[in-house]
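Below are some notes for a colleague who has not seen this structure before. They go point by point and can be read alongside the model.

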Amino acid sequence: MALSAGLQLRQSQSLVMTPQLMQSIRLLQFSHIELTRFIEQEVERNPLLELVNAESEQADAGSEASVETQAAQPAVSDPGEDSVWSGSADNQAERMTSEIDSRYENVFPDDHGTERVDQPEFIDNWKSMPGSEGGHSGEGYDLDDFAARAPTLRDHVAEQIAFAFSEPAERLIATELADQLDAAGYIVGPLAETIERLGADPDQVDAVLHRLQEFEPAGLFARSLSECLALQLARKDRLDPAMAALVDNLELLARRDFGALTRLCGVDEEDLLDMMGEIRALDPKPGTRFETGSSEMIVPDVSVRPSSDGGWNVELNPETLPRVLVNQTYFTTVTGKMPKNGAGQEFLSECLQTANWLARSLDQRARTIMKVSSEIVRQQDAFLLHGVDHLRPLNLKAVAEAIGMHESTVSRVTSNKYMITPRGVFELKYFFTVSIASAQAGGDAHSAESVRHRIRVLVDQEAPEAVLSDDDLVDLLKKSGVEIARRTVAKYREAMAIPSSVQRRREKRARARAAAV
């Protein structure tokens, strides 16, 4: 069979992800802070975009009302008052000249002893200041802008090094060790590397390290958790042999092996519990009390409040919905003065297209968040009324089918979005939990989050003489209508950092004996 080349015409349909469509999808999963940063960048590069917030709208409305009031009420001056601010413009100019030429205090008011604070010019200038109550911005000075920056761990240590070490060699070693501190206040890396890098005497480095460990707060420059706790106990004069043995065996304390700890420390369970209380009062990360960075406050995207008809009012938070306006007037004015088919005309046309797309995308994003949030509130009505015990199992597919969207769209909308409810502030993903079957035939399924809450309640209510094992928890949950396996109970218990029944029994019995004494 001979081989030959040929041309064939074929028609097909395909979905192409344009850059704007990909950017619209990204906008859905942006948090409030990420969206604000993105819009600010777009406003900087696009001259047709204007960012409008609620405060500026109120200020504009106030200024417009002020202009209308002034236009409706013409100013009335006292014709008999001898002031440079009355009369016509020409009259004012002549009087100002004569006043300045004849009155020395008008040129140098400070030398006169008193200031004319009642003059309209001073009052108008004061009212125009952005920080004054009469300012057009409507904003006062923020005291946080003038507050001193909180010292960092590095600044705090550097101040103490400057006073503690006078020898240049010791100060160099101390500065090098301070550079190795992590955010918790621990030294990162072995001392051998520091000694080799500096070429210093090991005894001198150890001496400098011991002096650094005397800095405030206690526990800085430790090389392990045990050493950090020991430094704090030594500062309180509580590092006796029994306490030192307890600090050296923190792994047994984590496992709550009280029998082994009492033998190693040479104390009874009552003293051991007192020592454990002292350990809990210590700070395992003394460096974290210093400023390490600015924390971002969570701003709810959706607000849910009970309505008068027994339902729920679902509203979008206007603070998380920045309004972007397209300046059509500026576009028309500028393009009318430009030659057609020029580079400037092409640039402005592209900016207009981008601005219109961004405005439509933000509007669509707000509508999508509203749809998803309203459906979540409808599905989780019992949770809002009665609490976490009534949280229903919910998945993305159920919400997507109810509002006619794809699951991936719902997943992007619920990422980094928060809802404030009468029960508190929750991330939208909190309401999507795994379903656990009911122990009764035909009964409703239970949410995994509600089951975890029941496990914690049962453990908190157990008596020291009747500590519940995982099998006991399974039986109690089945009686309440939850069909669950023992390994699932163990997994939920470990995820909530709840010790095993053996460890809880030891600790509760020791506490009961200590309380009885």
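1. A residue is called buried here when its relative accessible area is under 20%, exposed when it is over 50%, and partly exposed in between. On that basis, buried residues account for 33% of the 517 residues in the protein chain. The model is a predicted one, and everything that follows should be read with that in mind.

2. The overall make-up of the protein chain is 25 helices and eight strands. Of the contacts between residues at least 6 apart in sequence, 59% join residues at least 24 apart. The chain exposes about 32600 Å², and 52% of this area comes from carbon and sulfur atoms.

3. Helix H10 spans residues 191-198, and its buried residues are Leu-191, Thr-194 and Ile-195. These three lie on the same side of H10, because they cover an arc of only 100° around the axis. Ala-192 and Glu-196, on the other side of H10, are exposed. The cover over the buried residues of H10 includes helix H9 (168-179) and helix H11 (202-212). Just after H10 comes Gly-199, with a positive phi of about 65°.

4. Helix H23, residues 470-479, can be described in a similar way. Its buried residues are Asp-470, Leu-473, Val-474 and Leu-477. They too are put on the same side of the helix, since the arc they cover around the axis of H23 is only 100°. Helix H22 (448-461) and helix H24 (486-495) are among the elements that cover them. H23 is followed by Gly-481, whose phi is positive, near 100°.

5. How many aromatic pairs does a search of the whole structure find? The count is eight. One of them joins Phe-383 and Phe-426 edge-to-face, with 5.4 Å centre to centre and 75° between the planes. Phe-383 belongs to helix H19 (residues 381-386) and Phe-426 to strand S6 (residues 424-427), so this pair ties together parts that are 43 residues apart in sequence.

6. Tyr-430 and Phe-431 form another edge-to-face pair, at 5.7 Å centre to centre and 80° between the planes. Tyr-430 is partly exposed, at 22% relative accessible area, whereas Phe-431 is buried, at 1%. Together, Phe-383, Phe-426, Tyr-430 and Phe-431 make up one aromatic cluster.

7. A ring also takes part in a contact with a charge. The charged end of Arg-452 sits over the ring of Tyr-492, at 5.0 Å from its centre.

8. Which cysteines are worth a look? Cys-265 is buried, with a relative accessible area of 9%, and Cys-351 is buried as well, at 7%. A disulfide is a covalent bond between the sulfur atoms of two cysteines. With a cut-off of 2.5 Å between sulfur atoms, the number of disulfides comes to zero.

9. Glu-407 is in helix H21 (residues 407-413) and counts as partly exposed, at 37% relative accessibility. Which residues does Glu-407 contact, leaving aside its neighbours within four places in sequence? They are Leu-396, Lys-397 and Ala-400. As for Asn-395, which is 12 residues from Glu-407 along the chain, the two C-alpha atoms are separated by 9.3 Å.

Terms used: Residues are numbered from 1 along each chain as its sequence is written. This is a predicted model: local features need pLDDT of at least 70, side-chain atom pairs count only at pLDDT 80 or more; totals for chains, interfaces and linings use all residues. Side-chain values use heavy atoms; hydrogens and water are left out. Buried means under 20% relative accessible area, exposed over 50%, partly exposed in between (1.4 Å probe, protein chains only). Helices (H or I, at least four residues) and strands (E, at least two) are DSSP runs, numbered from the N terminus. The arc is that of the directions from the helix axis to the C-beta atoms. Contact means heavy atoms within 4.5 Å. Accessible areas come from the Shrake-Rupley method with a 1.4 Å probe; for residues, only the protein chains shown count as cover. Rings of Phe, Tyr and Trp (its six-membered ring) pair if their centres lie within 6.5 Å; planes under 30 degrees apart count as stacked, over 60 as edge-to-face and the rest as tilted. A charge sits over a ring if NZ of Lys or CZ of Arg is within 6 Å of the ring centre and within 35 degrees of the ring normal.
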